[in-house]
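Student: Could we go through this model together, with the cut-offs stated each time a label is used?
Tutor: Gladly; ask away.

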Amino acid sequence: KKRVVSGVQPTGSIHLGNYLGAIKNWVALQDTYEALFFIVDLHAITLPYDTRQLGNTTRDTAALYLACGIDVSKASVFVQSHVRSHLELMWLLCASTPIGWLQKMIQFKEKSRKEGGENASVSLLVYPDLMAADILLYQADCVPVGEDQKQHLELARELAQRVNHLYGGKKWKKLGGRGGSLFKVPEPLIPQAGARVMSLTDGLSKMSKSAPSDMSRINLLDSKDLIADKIKRCKTDSFAGLEFDNAERPECNNLLSVYQIVSGKTKEEVMLECKDMSWGKFKPLLTDALIEHLSPIQACYQEITAETDYLDKVLSEGADRATELADATMRNVYQAMGFYPRR
Ligand code: AQP
């Protein structure tokens, strides 16, 4: 089986965008691939964060992975910081990463500007090295990536090739290694279109954990009343009827797309049903579909979190499995880079 890895940052509540854009796709992937899904807590500290919340959010994110349908008999689920090699490999990769590669990353430019330029943390700059370590450590064949992570995955691929060239092959063999490549070069898995969920208050920005207003997103754990309130107050427009794909109506396209996915209908069915509807008629329909889709996930989350030992056991077993795979890579990398082994 080919191996796939992916993760979500525990930087806030998991929202509909994380679910429809990432976690829901993972559920489909776990049948075909050998999957490792982790909670990337080490990435979550690259921007200022609340130490009282990080642990809780990490636990909630893990519980939601399971509640959304990640099956631990098929996939390994673990917390990134529980497998120390992510950090070790990141450092070793840093040694082969030209600073220029990191400085040209769009996400670094945008996020560091927001943090006040020179005041942004070094971790924000080396974030792509940690992400490359997350992937290369497990010799992943593919990584599901959205538009905003494409550049980081490309860097991971270039880095894998660079390290293979610098330290692999004959040079590694001379040091007693098996020779050949140290890392598999991962391929991107681009999810189908339509999975990008936009903010409820601005159809041109993506739904995001870090947006200041909670009214801009539907969190997977929002109550029925809160979901109803958020949909009632979300941004719409004053055109007649409803339609997909009109660039002048980003909110309309977003809400219809969300409805289509959570109701399990086709685009054509949604069009037939909704094209002549007013917002007043459509909003309760969307609210009900959202509640119906999210209720079983919420019930499952409650069951999982009622029993803390269960989740901890799952995470511990996941970390054991991941450590086994990671250790094999690390032994090779240390050897190929010429380190003196502990005997
Ligand atoms: N709005 C979205 N629509 C579709 N997919 C989305 N993802 C995030 N937002 C949307 C996908 O969720 C996964 C987790 O990404 P992350 O934890 O690295 O967070 P992010 O991409 O930076 O976006 P968030 O969740 O809104 O967090 P903040 O606000 O902290 O940036 C990824 O696969 C991502 O594509």
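**Labels and the values behind them**

Tutor: Let's begin with helix α6: 11 of its 15 residues are buried, so α6 is largely enclosed by the rest of the structure. Helices here are DSSP runs of H or I with at least four residues, strands are runs of E with at least two, and both are numbered from the N terminus. Buried means that 20 or more other C-beta atoms lie within 10 Å of a residue's own; exposed means 12 or fewer, partly exposed is in between, and the C-beta atoms are placed from the backbone. This is a predicted model, in which local features need pLDDT of at least 70 and side-chain atom pairs count only at pLDDT 80 or more, while totals for chains, interfaces and linings use all residues. Residues are numbered from 1 along each chain as its sequence is written.

Student: Which residues of α6 are buried, and what covers them?
Tutor: The buried ones are Val126, Tyr127, Pro128, Asp129, Leu130, Met131, Ala132, Ala133, Asp134, Ile135 and Leu136. Their cover includes β1 (3-8), α3 (85-94), α4 (99-103), β4 (142-144) and α7 (150-167). Covering is judged by contact, meaning C-beta atoms, placed from the backbone, within 7 Å of each other.

Student: How do you know that the span of α6 agrees with its 15 residues?
Tutor: The expected span of a helix is 1.5 Å times one less than its number of residues. For α6 (residues 122-136) that gives 21 Å, and the end C-alpha atoms are 21 Å apart, so the two agree.

Student: What is the bend of α6 at proline 128?
Tutor: It is about 40°. That is the angle between axes fitted to the seven residues ending at a residue and the seven starting there.

Student: How does the reach of helix α13 compare with the span expected for it?
Tutor: α13 (residues 308-336) has 29 residues and reaches 41 Å from first to last C-alpha, close to the expected 42 Å. Its buried residues include Val314, Leu315, Gly318 and Ala319. The buried residues of α13 pack against β2 (34-39), α2, β3 (75-79), α3, α7 and α8 (169-174). After α13 comes glycine 338, with a positive phi near 85°.

Student: What makes the phi of glutamine 139 worth a remark?
Tutor: Most residues other than glycine have a negative phi. Glutamine 139 has a positive value, near 50°, and is not a glycine. Its place is in the loop between α6 and β4.

Student: Why is phenylalanine 239 called exposed?
Tutor: Phenylalanine 239 has 12 other C-beta atoms within 10 Å, so it is exposed. It is found in the loop between α9 (224-233) and α10 (250-263). Its C-alpha is 8.4 Å from that of arginine 249, 10 residues away along the chain.

Student: What makes lysine 24 partly exposed?
Tutor: Lysine 24 has 16 other C-beta atoms within 10 Å, so it is partly exposed. It lies in helix α1. Leaving aside neighbours within four places in sequence, lysine 24 is in contact with Tyr19 and Cys68.

Student: Where are the domains, and how far apart are their C-alpha centres?
Tutor: By an automatic or database domain assignment, domain 1 is 3-195 + 308-336 and domain 2 is 214-303. Their C-alpha centres lie 32 Å apart. In contact are 11 residues of domain 1 and 11 residues of domain 2. On the side of domain 1 that touches domain 2, α1 (16-32) and α2 (51-67) are the elements giving two or more residues.

Student: Which residues come nearest to the ligand?
Tutor: Of the 16 residues around the ligand, these are Gly17, Gly21, Gly146, Ser208 and Ser210. A residue is near if its C-beta atom, placed from the backbone, lies within 6 Å of the molecule. The largest share of the shell, four residues, comes from α1.

Methods: Two residues are in contact if their C-beta atoms, placed from the backbone, lie within 7 Å.
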